[in-house]
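Please look through the sequence and the three-dimensional structure below before reading on. The report then takes up a few single residues and ends with the chain as a whole.

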Amino acid sequence: MENRNQFYNLTESEMLDLWKQVMLLETPRRDCAVEWDDGIDLDALLLTHIKQWYAHLLNTAPTNLLPIENLAAQVPINTRNGIVIATTPLQCVRPVEWKLAEWQRSVTEFLDPCSHEAMLQLNEWTRGGACDPAIIDYGFQLVMISTAGTPQLELARCVVRPADGSYQFHSDLLNTIPEWEKELTS
C-alpha cells in the first residue's frame, strides 16, 4: 500500500528550491547582494535537469513511489471481433494495472508486441481469456482480448504526469537526485 504521507507535491519553484537544497547549492547568507551577468543561468539549467529526472522517474521508478490514477473513465476503447483497443489518455505515462469487467483478475504485466506471449494472443486457441487475461502494450495503445459482446474497462490504473505541472513523488526518490546530476555532468 502506498504511504501518501511521504509524498511530495511540489510546484516548479518549490521543486527547484528542493533540488538546490539536495545538491547543496543554496547559500546560507541572505543579507547581501551579489550580481554578475557572465555566468550561466543556473535556475534554467537546473529546471532542465529536474524535468529530465522527473520524466525518467515516471518511466522507470517503482510504481508505488509515483502518482497513480485510475483513468478508466477517460480511456476510449474500440472493439472488433473480441479485440479491444484502448488508447491511453495524454496524462498516462505507463500502465500499472488494467482490467476488463468480465475478467476474473487484473493485468499488471504488459506484453511487448514482439514477444512470444504477445504472438500467442493472436490465436483464439492460445490467447488468454477471462481467467488468464493478457494485454499487449503498443505504447499509446493497449490491446486486450474480450469475450463479452460489449466489453467495459473496469480499471485502468496508470502512472500519470500531473495535469497541473506539479512534481509528485515519494520522498525515497530524493536520493536519486545526486546520482542523476553526477550522470548528467560526467
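Is Leu 24 buried or exposed? Leu 24 counts as exposed because its relative accessibility is 74%, where exposed means over 50% relative accessible area, buried means under 20%, and partly exposed lies in between (1.4 Å probe, protein chains only).

## Basis of the report

This is a predicted model, in which local features need pLDDT of at least 70 and side-chain atom pairs count only at pLDDT 80 or more, whereas totals for chains, interfaces and linings use all residues. Residues are numbered from 1 along each chain as its sequence is written, and side-chain values use heavy atoms, with hydrogens and water left out.

## Two residues with positive phi

Most residues other than glycine have a negative phi. Leu 24, although not a glycine, has a positive phi of about 60°, and its place is the loop between α1 (12-22) and α2. Helices (H or I, at least four residues) and strands (E, at least two) are DSSP runs, numbered from the N terminus.

Asn 81 is not a glycine either, yet it has a positive phi of about 50°. Asn 81 lies in the loop between β3 (77-80) and β4 (83-87), and it counts as exposed because its relative accessible area is 73%.

## A nonpolar patch

Leu 25, Ile 40, Leu 42 and Leu 45 make a nonpolar surface patch of about 350 Å². Patches are made of residues with over 30% relative accessible area and no salt bridge, with like charges joined within 9 Å and nonpolar side chains (Val, Leu, Ile, Met, Phe, Trp, Tyr) within 5 Å; a salt bridge is a side-chain nitrogen of Lys or Arg within 4 Å of a carboxyl oxygen of Asp or Glu. Accessible areas come from the Shrake-Rupley method with a 1.4 Å probe, and for residues only the protein chains shown count as cover.

## The chain as a whole

The protein chain has four helices and nine strands, which follow one another from the N terminus as β-α-α-β-β-β-β-α-β-β-β-β-α. Its C-alpha trace spans about 75 × 35 × 25 Å along the principal axes.

Of the 186 residues in the protein chain, 39% count as buried. The accessible surface of the protein chain comes to about 11,700 Å², and carbon and sulfur atoms account for 51% of that surface.
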